[in-house]
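Work through the two exercises below with the sequence and the 3D structure open. Try each task before reading its solution.

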Amino acid sequence: MSMSRLLRNQVARRALAWCSSAITESGVKSYSTVKSSSCQACAGVSGVWRSYATNSHDVFNVHRDEAHNNNDTPFDFTPENYKRVEEILSRYPDNWKQSAVIPVLDLAQQQNDGWLSLNAMRKVAEVLGMAEIRVFEVATFYTMFNRSKIGKYHVMVCGTTPCMLQGAKGIYGALKEHLGVDYGQTTSDGMFTLGEMECMGACVNAPMIAIADYTQGAEGFSYTYYEDLTPQDAKQIIDDIKAGKKPKSGSQHRTKAEPAGAVANGAWVPSQGTQTLVGPPPGPYCRDLEAEAEQK
């Protein structure tokens with residue numbers, strides 16, 4: 001067997017671990033189960049690994065009918081959101097409407113409580129004059145789109161290198177214990193879904209989480225960063241949201257963009273004083289144009 005074929009079969013077996021050993025009618029048992037389990041009934045079957053989802057919430061890239069998501073599940077944009085669709089389309093030339101597929105899918109997701117039903121994606125295809133498969137391809141590729149029901153708040157932990165080095169595993173562990181759910185799962189009250197997200201561009205204030213708020217539809221949708229987090233900070237943010245409060249956004253410990261400290265071993269360690277330079281900058285320096293002019 002060629003090395004490429006061997007690797008492909010190994011990937012297929014890992015992907016098929018999502019099968020009966022890892023999935024229940026209500027969703028994924030746990031993130032760890034999915035990563036470690038195997039399904040003997042499916043072992044050795046190759047070619048289906050492409051159905052493995054790209055994010056931590058959806059299980060498969062392929063659609064499976066459910067009572068709340070099938071060919072008969074209605075979806076249409078509200079009159080207000082049709083106006084937003086028109087505004088989005090106005091940004092593109094008339095013959096390039098398909099370029100608006102990502103922002104229009106995002107609008108549909110905001111209206112639909114944070115996830116894209118089968119007919120929501122079809123409506124986007126209809127509005128943009130696209131083949132449905134082209135919309136499905138976009139929705140299954142980008143991790144920002146959820147094709148399974150989620151909670152009112154989508155809590156996403158950054159799992160990329162800077163955040164992992166600064167304590168993202170501790171943030172994940174604290175939220176997992178505090179919410180009682182693992183990645184890809186939703187709390188029993190339907191309020192929070194916990195997920196993992198790749199780099200969100202706040203590396204300087206690692207570790208961080210982002211929380212998408214779908215409680216107000218497209219009109220009041222928000223996507224908020226919480227940075228410089230300790231495990232206790234992360235739990236407090238959840239408690240504040242539960243209590244109807246508005247947690248502090250951005251850095252939880254800095255007041256301005258300067259080296260003020262860092263998260264170390266799960267705690268915020270402030271720097272000493274406000275001095276950031278220990279001596280004159282070594283250069284290179286700007287030319288003294290005035291002195292040069294006088295010499296001439």
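The exercises concern a predicted model and cover a helix pair and a strand.

**Exercise 1.** Describe how helix 4 and helix 5 pack, and decide which class of residue makes the contact.

Solution. 
1. Locate the helices: helix 4 covers residues 101-111 and helix 5 covers residues 118-128.
2. Take the geometry. The axes lie 10 Å apart, and the packing angle is about 140°.
3. Classify the angle. Over 145 degrees would count as roughly antiparallel, and 65 to 115 as roughly perpendicular. The two helices are therefore oblique to each other.
4. List the contact residues. Helix 4 supplies Val101, Val104, Leu105 and Ala108, while helix 5 supplies Met121, Val124 and Leu128.
5. Sort them by class: the contact has 7 nonpolar residues, no polar ones and no charged ones.

**Exercise 2.** Decide whether strand 3 is enclosed or open, and find which strands it is bridged to.

Solution. 
1. Locate strand 3 at residues 153-158.
2. Separate its two faces. Tyr153, Val155 and Val157 point one way, and His154, Met156 and Cys158 point the other way.
3. Check burial, which requires under 20% relative accessible area.
4. Find a parallel partner: 6 bridges join strand 3 to strand 5, residues 192-197. Here Tyr153 is bridged to Phe192.
5. Find an antiparallel partner: 5 bridges join strand 3 to strand 6, residues 209-213. Here His154 is bridged to Ala212.

Conventions. Residues are numbered from 1 along each chain as its sequence is written. This is a predicted model: local features need pLDDT of at least 70, side-chain atom pairs count only at pLDDT 80 or more; totals for chains, interfaces and linings use all residues. Side-chain values use heavy atoms; hydrogens and water are left out. Axes are lines fitted to C-alpha atoms, for helices over the stretch in contact, and angles run from 0 to 180 degrees between N-to-C directions. Helices (H or I, at least four residues) and strands (E, at least two) are DSSP runs, numbered from the N terminus. Angles under 35 degrees count as roughly parallel, over 145 as roughly antiparallel, 65 to 115 as roughly perpendicular and the rest as oblique. Contact means heavy atoms within 4.5 Å. Ala, Val, Leu, Ile, Met, Phe, Trp, Tyr, Cys and Pro count as nonpolar, Asp, Glu, Lys and Arg as charged, and the others, Gly among them, as polar. Buried means under 20% relative accessible area, exposed over 50%, partly exposed in between (1.4 Å probe, protein chains only). Two strands pair if DSSP finds at least two bridges between them.
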